[in-house]
Amino acid sequence: MPSRLFFLFAGFLILVIVIGLTKLGRAADPENPEETPPNFVVVLIDDLGWKDLGCYGATYYETPHIDQLAADGIRFTDAYAAAAVCSPTRAALLTGRYPARIGITDWMRMAPAGTRTDLKDPPAGAFENVGEGMLTPRNPYRMELEEQTIAELLTDAGYKTGQIGKWHLGAEPWYPDRQGFSFHRGGSDLGQPPNYFFPFSPQSAHRLSGFESGPDGQYLTDREADEAVSFIRRNHAQPFFLFLSHYAVHTPIQAKKEFEEYFKEKPLGDQKNPAYAAMIASVDQSVGRVLAELEAQGIHENTLVIFTSDNGGLASVTNNAPLRGGKGNPYEGGIRVPLIARWPGIIAPGSTSQTPVSSIDIFPTLLDAAGLPTPEKPTIDGESLLGVMEGRDKLTRDGLFWHFPHYRGHDATPYSIVRQGNYKLIRFFDDGHLELYNLAQDPGEQENLTSREPERTKQLSVLLSKWLLGVGAQIPKSAPSQKKTTGKNPTGANRESNS
Ligand SMILES: [Ca+2]
């Protein structure tokens with residue numbers, strides 16, 4: 001080859017390589033941390049209410065580390081859990097899909113002995129009569145392995161994945177290791193341990209996987225934090241996704257004595273429970289330790305941290321005011337949660353957003369941040385929040401939707417919800433009535449606007465019906481001998497403390 005041609009060819013090759021690398025964007029390059037794909041830490045708290053953090057207006061609770069996280073990133077004022085109870089939100093977060101589309105719409109119970117494990121759960125069209133009025137769809141005992149999780153997609157892209165803490169998407173063998181998490185610690189067959197202190201819950205159904213040994217009296221939140229810190233220490237040199245899903249602050253309300261003593265000395269203000277405040281303080285300490293470890297490993301700038309909760313605060317232990325109601329019911333106290341994100345250099349410090357967002361958005365957000373495409377199949381309901389986080393873009397969806405076709409003790413009857421703009425429409429299946437609220441003017445949902453705004457009520461009702469149809473939602477049915485239970489609507493009270 002003549003030398004001039006050779007140099008031309010070599011130059012062309014270099015150009016191709018440079019373009020290729022640019023297209024790959026954040027392609028892994030251990031020599032150059034700037035080019036390394038971002039790490040992800042998603043912290044999911046159980047039952048943490050919207051107003052349970054200092055940065056969301058709490059005065060009795062103290063959360064300096066989480067408040068700092070918000071000060072260094074973005075705080076969403078109108079973030080939502082995809083459901084007012086545990087398992088559906090977890091399924092939605094991991095798959096980017098609405099609970100109604102997946103078919104997981106209530107918290108998961110243990111499968112009775114003898115339940116077939118080789119068939120889909122539940123069999124299509126399985127309804128049950130729980131003796132409350134309508135026939136309601138039976139909730140699954142597990143999330144099917146066919147569901148595509150963010151952990152699976154990130155594993156395929158070369159990420160190390162870890163889940164620590166509560167799982168609640170099925171008993172073994174439907175554990176995190178079969179949903180994309182190569183490392184997991186602390187999951188159990190049930191949602192909640194009966195004890196927060198080591199040996200935690202040695203009985204079989206409550207046994208916390210991987211937490212069988214430990215110092216006597218060790219506090220569960222501290223143990224989870226230990227595991228999270230050591231996961232980061234082990235994996236800091238490669239892109240990782242850590243899903244830290246604390247058992248706290250779910251019942252039983254059990255806290256470390258020293259924290260509880262501190263809060264007992266403090267005036268309660270509008271709150272009611274020093275032990276609950278102490279549980280939140282332990283969560284805050286855990287977040288502080290995780291953030292400190294990211295810094296210690298020099299990877300905090302290349303790590304997107306997202307902090308949120310799986311449903312609203314339990315009304316018997318925390319005061320969600322000015323929001324109405326609490327965990328389990330369709331009012332804002334049941335579904336509105338904190339959501340904070342930090343990614344230095346990408347998200348401006350001290351940002352806030354009033355854009356309504358949901359657990360379903362975390363899946364596409366992480367993919368977007370990793371420079372990975374969102375798969376075309378199956379249907380992903382969430383939208384990437386990256387543009388909103390960076391303050392450069394808006395979301396395109398029509399509205400946000402919820403579907404809870406179950407009874408919840410005496411506190412919730414089956415309902416569906418749509419939020420569009422500042423308006424929120426709730427449909428109660430039991431007696432068929434609707435409630436419409438303007439959340440901007442009436443965040444406490446006191447004034448039902450259905451008679452004053454019949455056109456908007458109709459429009460939102462149609463939108464909700466179309467969505468229910470589109471996602472294949474299971475709608476409660478009238479029982480053959482159903483007695484009408486008019487007026488039995490969700491209230492602020494919540495006696496059931498299960499997940
Ligand atoms: Ca929960």
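Reader: How do you know how confident the predictor is in the chain, and where is confidence lowest and where highest?

Author: Confidence is given by pLDDT, which runs from 0 to 100, and the mean over the chain is 91, with 89% of the residues reaching 70 or more. Confidence is lowest in helix 1 (residues 3–24), at a mean of 50, and highest in strand 8 (residues 303–309), at 99. There are also stretches where pLDDT stays under 50, among them residues 15–30, for which the model has 14 contacts beyond four places in sequence, and residues 484–497, for which it has 40 such contacts. Where pLDDT is low, the predicted coordinates should not be read in detail.

Reader: What makes helix 6 and helix 8 roughly parallel to each other?

Author: Helix 6 and helix 8 pack at an angle of about 10 degrees, with their axes 9 Å apart. Because angles under 35 degrees count as roughly parallel, that is the term for helix 6 and helix 8. On the side of helix 6 the contact includes Thr221, Ala225 and Ile232, and on the side of helix 8 it includes Ser282, Val290 and Leu294. The residues of this contact divide into seven nonpolar, three polar and five charged.

Reader: Which residues of the largest nonpolar core touch the most other members?

Author: The core has 132 residues, and of these Leu242, Met279, Val290 and Ala341 touch the most other members. The largest share of this core, eleven residues, comes from helix 8. Leaving out residues up to four places away in sequence, Met279 touches Ala248, Val249, Ile253 and Ala255.

Reader: What makes the peptide bond from Ala248 to Val249 worth noting, and what is its omega?

Author: The peptide bond from Ala248 to Val249 is cis, with omega near 10 degrees, and Val249 has its place in the loop between strand 7 (240–245) and helix 7 (257–264). The bond from Asp121 to Pro122 is also cis, with omega near -10 degrees, and Pro122 is found in the loop between helix 4 (99–102) and strand 3 (127–129). Most residues other than glycine have a negative phi, and most peptide bonds are trans.

Reader: How do you know whether Asp47 is buried or exposed?

Author: A residue is buried if 20 or more other C-beta atoms lie within 10 Å of its own, and Asp47 has 29 of them, so Asp47 is buried. Asp47 is placed in the loop between strand 1 (39–45) and helix 2, and its phi is near 70 degrees, a positive value in a residue other than glycine. Phe200, in the loop between strand 6 (183–185) and helix 6 (220–235), also has a positive phi, near 55 degrees, and with 23 C-beta neighbours inside 10 Å Phe200 counts as buried.

Reader: Why does Gly399 count as partly exposed?

Author: Gly399 has 17 C-beta neighbours inside 10 Å; a residue needs 20 or more to be buried and 12 or fewer to be exposed, so Gly399 counts as partly exposed. Gly399 lies in the loop between helix 11 (386–389) and strand 12 (400–404). Leaving aside its neighbours within four places in sequence, Gly399 is in contact with Val418, Arg419, Gln420 and Leu463.

Terms used. Residues numbered from 1 in each chain as written. Predicted model: local features only at pLDDT ≥ 70, side-chain atom pairs only at ≥ 80, totals over all residues. Helix = DSSP H or I, 4+ residues; strand = E, 2+ residues; numbered from the N terminus. Contact = placed C-beta atoms within 7 Å. Core = buried A, V, L, I, M, F, W, Y, C linked by C-beta atoms within 7 Å. Axes fitted to C-alpha atoms, helices over the stretch in contact; angles between N-to-C directions. Parallel < 35°, antiparallel > 145°, perpendicular 65-115°, else oblique. Nonpolar A, V, L, I, M, F, W, Y, C, P; charged D, E, K, R; others polar.
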